[in-house]
Amino acid sequence: MKRSKTKTLKTAKADTWKVFSLWVRLKDSRHGLNQCYTCGLVGHVKDMHAGHALGGRHNAVLFDLFLVRPQCRQCNMYNNGQYNRFRLRLIDEFDQEWYDEKVRLCSKTGRIMKYTTADLDEMIEWFREDIKITSLNRQLEDT
Ligand SMILES: [Zn+2]
C-alpha cells in the first residue's frame, strides 16, 4: 500500500516537472526561441533546459517561478548550473534583499516542504492553463 502511494507521488512530481519545465522555457520565448538566463545564448525552446538557481532540487526550489529559468545545455549541465551568474542576474532583476530573503526561505522550508498529489495536480492545471493563455496572447500579438 505504502509503496504504491509513494510511486504515485513520484509520478505526479515527474508529470508536474514536465509541464513546469515547458512553462519555464516558453515564458518570454518568441517564435519558439528563448534566451539562456545565464549566458544569453538563444536557442530553440525544445533544446533549452529549465535550470535552477540553487542546488539541491529540494521541494522549495524545484517548482519556484523565479528560481527556475531557461538555460542552455552548456550552462545547465556542463557548467554545473552557473549558480554564480544565476545569482547575479537575479539580483540584477530583483535586488539583493529579495535574493537573500528567497535563499533564506528556501533553506528554511526546503527540507520540510512537501507536496501532495492533489497539490501537484492543481499545479499541473495552472501551468497548462497559463501556457494556453500565453500562446493565445502571442497569436493575438502576432496578427
Ligand atoms: Zn547558457
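A nonpolar core is a set of buried Ala, Val, Leu, Ile, Met, Phe, Trp, Tyr and Cys residues joined through C-beta atoms within 7 Å. Please keep in mind that this is a predicted model.

Which residues make up the largest nonpolar core? There are 12 residues in all: C36, Y37, M48, A53, L54, A60, V61, C72, C75, F86, L90 and C106. Two helices, α2 (59-62) and α4 (83-93), each supply at least two residues of this core. Another core, of six residues, lies apart from it, and F20, V24, F63 and F127 are among its members. In soluble globular proteins, nonpolar side chains tend to be buried together.

Once its neighbours within four places in sequence are left aside, C36 is in contact with L41, G43, P70, Q71, C72 and C75.

Now for the chain as a whole. Its secondary structure comes to six helices and four strands. Read from the N terminus on, the elements run α-β-β-β-α-β-α-α-α-α. The radius of gyration of the chain is 16 Å, close to the 15 Å that the globule rule gives for 143 residues, so the chain is as compact as a globular protein of that length.

Here are some further values for the chain:

| Property of the chain | Value |
|---|---|
| Span of the C-alpha trace along its principal axes | about 50 × 35 × 30 Å |
| Buried residues | 23% of the 143 residues |
| Contacts joining residues at least 24 apart in sequence | 69% of contacts between residues at least 6 apart |

Methods. Residues are numbered from 1 along each chain as its sequence is written. This is a predicted model: local features need pLDDT of at least 70, side-chain atom pairs count only at pLDDT 80 or more; totals for chains, interfaces and linings use all residues. A residue is buried if 20 or more other C-beta atoms lie within 10 Å of its own, exposed if 12 or fewer, and partly exposed in between; C-beta atoms are placed from the backbone. Two residues are in contact if their C-beta atoms, placed from the backbone, lie within 7 Å. The radius of gyration is taken over C-alpha atoms; the globule rule is 2.2 Å times the number of residues to the power 0.38.
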